[in-house]
Amino acid sequence: MKTIRTNSENKDFIDLVKLLDADLAQRDGEDHSFYAQFNKIDTIKHAVVLYENDIPLACGAIKEFDTDSMEIKRMYTLSQNRGKGIASKILSELEKWAKELSYKRCVLETGLKQPEAIALYKKNGYDIIPNYGQYIGVENSKCFEKVWEKKF
């Protein structure tokens, strides 16, 4: 397996995100249009795609949330490849990239209808935080953060 760093113009990233959106539309039902407005990929500068034998299996991205933080976005692993630690590899590469760019933490939002995502983030050291921004007051949303450099 290998990961590449790319951006939202990468065809494999775009194709994986289309599959992610189809999955989320099914899970979120009538709430999907609310979430979809915050998940556009046209200006993502930092995306990761994981390949096995040149076949794209998973993706994820980061975008600036504030001057100290990157937000994890568009995490997806093909359903037949789940449970193999692939999403943790993507997450680790995104965190490494954020650190290289001098960010001090990552934040993210996921839905209660994605229990495997919640388990992934908890397993990888993310802590639940109060819902931020557009997710304040949204009952189906869970927000997380992982801090590696405390503010002084």
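The model is predicted. Its seven strands form an open sheet of mixed pairing, in the order β1-β2-β3-β4-β5-β7-β6, and the largest nonpolar core comprises 37 residues. Helix α3 lies across β1, β2, β3, β4, β5 and β7, while α4 packs on the sheet and touches β4, β5, β6 and β7.

**The sheet as a whole**

- The open sheet has seven strands in the order β1-β2-β3-β4-β5-β7-β6, with mixed pairing; its edge strands are β1 and β6 (residues 127–129), each of which pairs on one side only.
- On average, and with direction ignored, neighbouring strands of this sheet are turned by 30 degrees against each other.
- As a general point, the strands of a sheet pair through backbone hydrogen bonds, and the pairing may be parallel or antiparallel.

**Strand β2 and its partners**

- Strand β2, which spans residues 46–52, is mostly covered, since six of its seven residues are buried.
- With strand β1 (residues 2–6), β2 pairs in the antiparallel sense over five bridges, and within this pairing Arg5 stands opposite Val48 in β2.
- With strand β3 (residues 55–66), β2 is joined by seven bridges, and the two strands run antiparallel; Ala47 stands opposite Ala61 in β3, and Leu50 stands opposite Ala58 in β3.
- β2 and β3 form a hairpin with two residues between them, and in the turn Asn53 has a positive phi of about 55 degrees.

**Nonpolar cores**

- The largest nonpolar core has 37 residues, and those with the most contacts inside it are Phe13, Ile72, Met75, Tyr121 and Tyr126.
- At least two residues of this core are supplied by each of α1 (11–28), β2, β3, β4 (69–77), α3 (86–100), β5 (105–111) and α4 (115–123); the largest share, seven residues, comes from α3.
- Leaving aside neighbours within four places in sequence, Ile72 is in contact with Ala61, Ile62, Leu91, Leu94, Cys106, Val107, Leu108, Tyr121 and Tyr126.
- A second, separate core of five residues includes Ile129, Tyr132, Tyr135 and Cys143.

**Helices on the sheet and against each other**

- Helix α3 lies across β1, β2, β3, β4, β5 and β7 (141–147), and runs at about 145 degrees to β2.
- Helix α4 packs on the sheet through β4, β5, β6 and β7, and its direction makes about 160 degrees with that of β5.

**A loop residue: Asn81**

- Asn81 lies in the loop between β4 and α3, and its relative accessible area is 8%; because buried means under 20% relative accessible area, Asn81 counts as buried.
- Not counting residues up to four places away in sequence, Asn81 touches Leu57 and Ile86.

Key:
Residues are numbered from 1 along each chain as its sequence is written. This is a predicted model: local features need pLDDT of at least 70, side-chain atom pairs count only at pLDDT 80 or more; totals for chains, interfaces and linings use all residues. Side-chain values use heavy atoms; hydrogens and water are left out. Buried means under 20% relative accessible area, exposed over 50%, partly exposed in between (1.4 Å probe, protein chains only). Helices (H or I, at least four residues) and strands (E, at least two) are DSSP runs, numbered from the N terminus. Two strands pair if DSSP finds at least two bridges between them. A nonpolar core is a set of buried Ala, Val, Leu, Ile, Met, Phe, Trp, Tyr and Cys residues joined through side-chain atoms within 4.5 Å. Contact means heavy atoms within 4.5 Å. Axes are lines fitted to C-alpha atoms, for helices over the stretch in contact, and angles run from 0 to 180 degrees between N-to-C directions.
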